[in-house]
Amino acid sequence: MIAIANQKGGVGKTTTSVNLCAGLHQLGKTVLLVDSDPQGNASSGMGVSKSLRPNVYDMMINGASPIDCIRRTDHGDVIPTGKELAAASIELISAEKREYIMKNALFTLYGDYDYIIIDCPPSLELLTVNALVAADSVLIPMQCEYYALEGIADLMTSIKLCSKKLNKRLTIEGIVLTMYDPRMNLTIQVANELRKHL
């Protein structure tokens, strides 16, 4: 189970999630993509309507069975999301063991798939925390630009805190350099800095 996470928006989390899912499926693996970003771009990227119910919101808030939420596509299975998921962080505040709701739901599917990929929202709030608690590892898409280097420290701190307090098995799968353009000096500098420090 791999969470695709970065608190910065526009770095390619959804693109990485959808393409990783489709690529693994093409290799003959059984793959489930869980769209936990209220924007729902991973759902539509896989050809699934954001208006379909039950979805991730129903699984996390209304107790819907994860099996009932799955939609089959030519590129892998999807648990879609919709705009109602935006309210989930507020609704989860009073929930008991709120950080473990996604893990408990997805655990029932763990043996059914070779890979479960969770597309996270661009923040470090409860939906992302739920994904990090559910996941075995986190894959970090990172844009090759200067400000991305500054934000990576905050993300690493959050991942370390999560692995220390909530999910001791969580590891960092790796960093994916997105929007890589070898013709630009800044891209090369950022890539070299990342390789040197991480």
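Biologist: Which residues does S43 touch, not counting residues up to four places away in sequence?

Modeller: S43 touches D35, V48, K50, V78, P80 and T81 on that count, where contact means heavy atoms within 4.5 Å. This is a predicted model, in which local features need pLDDT of at least 70, side-chain atom pairs count only at pLDDT 80 or more, and totals for chains, interfaces and linings use all residues. Residues are numbered from 1 along each chain as its sequence is written, and side-chain values use heavy atoms, with hydrogens and water left out.

Biologist: Why is S43 called buried?

Modeller: Buried means under 20% relative accessible area, exposed over 50%, and partly exposed in between (1.4 Å probe, protein chains only). S43 has a relative accessible area of 0%, so S43 is buried.

Biologist: What makes the pair S43 and D35 a polar contact?

Modeller: Their side chains are joined at 2.7 Å. A polar contact is a pair of N or O atoms within 3.5 Å; within protein, one must be able to donate a hydrogen and the other to accept it, and residues adjacent in sequence count only if both atoms are side-chain atoms.

Biologist: Where is the kink in α8 centred?

Modeller: On I152, with a bend of about 25°. The bend at a residue is the angle between axes fitted to the seven residues ending there and the seven starting there. I152 is also one of the buried residues of α8.

Technical notes
Helix = DSSP H or I, 4+ residues; strand = E, 2+ residues; numbered from the N terminus.
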